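Visitor: I have a new model open and would like to learn how to read it feature by feature. Could you walk me through it?

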Amino acid sequence: MPLLDADYAESWYVQLLTEVIFQEVPEGNWFCCSDCDHIHTTLLNMVTCGEEKLPDSLISLIKKKHEEKGLETGAALDVKWKVLNWKMVASDEIRQMLSKAVAIFHEQFDPIVDSASGVDFIPAMLYGRNIKDRDFDGMFCAMLTVNQVVVSVGIFRIFGPELAELPLVATIADCQGQGYFQSLFSCIERLLGSLKVKHLVLPAAEGAESIWTGKFGFTKLVQDEINNYKRQYHIMGFQGTPFVQ
């Protein structure tokens, strides 16, 4: 069998590689697998379609919480939830809603600021803007409204069928303890379940770890588990804050 000339072989390889690299790139989004394609399509449909009514079981939960606190519910209790993503659907209305979400997070949390640039992480997360080595791409905002008023919000991201994260959640002070966040979390949980996402992790803020583990059934992650997730995914965490799953 004749030997292939080395110079010719190198030239042939470079030409082949060039042809492969510079082939026309297919339009649209590329995904590693059909599961991720399905997740993206589902989220896009939710963002595009807008708000959804809560199931009757969650409305009953909210009404029960109101009764326990002696609050007037009224017949006109209109509770809905929606998923927002600025990069998928951007408009003045969406900007106003995301601004309300920023205000609620700022009401409940001290500023989360990048020490080098001074940039506020919270708007960056909600608008999917990256800050240096912080990757906020793919963040979604889940929002619960009561009679068109935003009362509870959460930021989540789905990395694929193996893992999702929920780095920040908040409810306005006047509406806490009334079942609103519990209902919003249930909607997020049902969404992840429908997409067959196996694990949900989140950083438990100071004083909230016992609520996540006792009320919502989470367990605290050990450091080896956290390190393993961080090697594979850009999960969002805060210094000194434990993770639960």
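**Reading the model, feature by feature**

Guide: Let us begin with N147, which has a relative accessible area of 40% and is therefore partly exposed. Please keep in mind that this is a predicted model.

Visitor: Where is N147 found, and what is its phi?

Guide: N147 is found in the loop between β3 and β4. Its phi is positive, about 50°, although N147 is not a glycine. Q148 also has its place in the loop between β3 and β4, and its phi is near 75°, again a positive value in a residue other than glycine.

Visitor: Moving on to β4, is V153 buried or exposed?

Guide: V153 lies in strand β4. Its relative accessible area is 0%, so V153 is buried. Look across to W81 as well: V153 and W81 are 72 residues apart along the chain, and their C-alpha atoms are separated by 9.4 Å.

Visitor: Let us turn to the sheet. What is the order of its strands?

Guide: The sheet is open, has seven strands and runs in the order β1-β2-β3-β4-β5-β6-β7, with mixed pairing. Its edge strands are β1 and β7 (243-244), each of which pairs on one side only.

Visitor: In which sense do β5 and β6 pair?

Guide: β5 and β6 pair in the parallel sense, over three bridges. To find your place there, look for E165, which stands opposite V201 in β6.

Visitor: Which residues of α6 are buried?

Guide: The buried residues of α6 are Y180, F181, S183, L184, F185, S186, C187, I188, L191 and L192. α6 is followed by K196, which has a positive phi near 60°.

Visitor: Now to charged side chains. What is the general idea behind a salt bridge?

Guide: Side chains of opposite charge can pair when their charged atoms come close. In this model the count comes to six salt bridges. One of them joins the side chains of E51 and K82, at 3.6 Å from N to O. E51 lies in the loop between α2 (34-49) and β1 (52-53) and K82 in strand β2 (residues 79-84), so this pair ties together parts that are 31 residues apart in sequence.

Visitor: Are E51 and K82 buried or exposed?

Guide: E51 has 31% relative accessibility and so counts as partly exposed. K82 has a relative accessible area of 9%, so K82 is buried.

Visitor: With which residue does K87 form a salt bridge?

Guide: K87 forms a salt bridge with D137, and their closest N and O atoms are 3.3 Å apart. K87 lies in the loop between β2 and α4 (92-108), and D137 in the loop between α5 (121-127) and β3 (140-146), so the pair ties together parts that are 50 residues apart in sequence. K87 counts as exposed because its relative accessibility is 54%, whereas D137, at 41%, counts as partly exposed.

Visitor: And where do E162 and K198 lie?

Guide: The side chains of these two, E162 and K198, meet in a salt bridge at 2.9 Å, N to O. E162 lies in the loop between β4 (149-158) and β5, and K198 in the loop between α6 and β6, so the pair ties together parts that are 36 residues apart in sequence. E162 counts as partly exposed at 35% relative accessibility, while K198 counts as exposed at 56%.

Visitor: Which elements supply the lining of the largest pocket?

Guide: At least two residues each come from β5 (163-171), α6 (180-194), β6 (199-203) and α7 (209-215). β5 gives the largest share of the lining, six residues. By class, the lining of the largest pocket has 20 nonpolar, eleven polar and four charged residues.

Conventions
Residues are numbered from 1 along each chain as its sequence is written. This is a predicted model: local features need pLDDT of at least 70, side-chain atom pairs count only at pLDDT 80 or more; totals for chains, interfaces and linings use all residues. Side-chain values use heavy atoms; hydrogens and water are left out. Helices (H or I, at least four residues) and strands (E, at least two) are DSSP runs, numbered from the N terminus. Ala, Val, Leu, Ile, Met, Phe, Trp, Tyr, Cys and Pro count as nonpolar, Asp, Glu, Lys and Arg as charged, and the others, Gly among them, as polar. Buried means under 20% relative accessible area, exposed over 50%, partly exposed in between (1.4 Å probe, protein chains only). A salt bridge is a side-chain nitrogen of Lys or Arg within 4 Å of a carboxyl oxygen of Asp or Glu. Two strands pair if DSSP finds at least two bridges between them.
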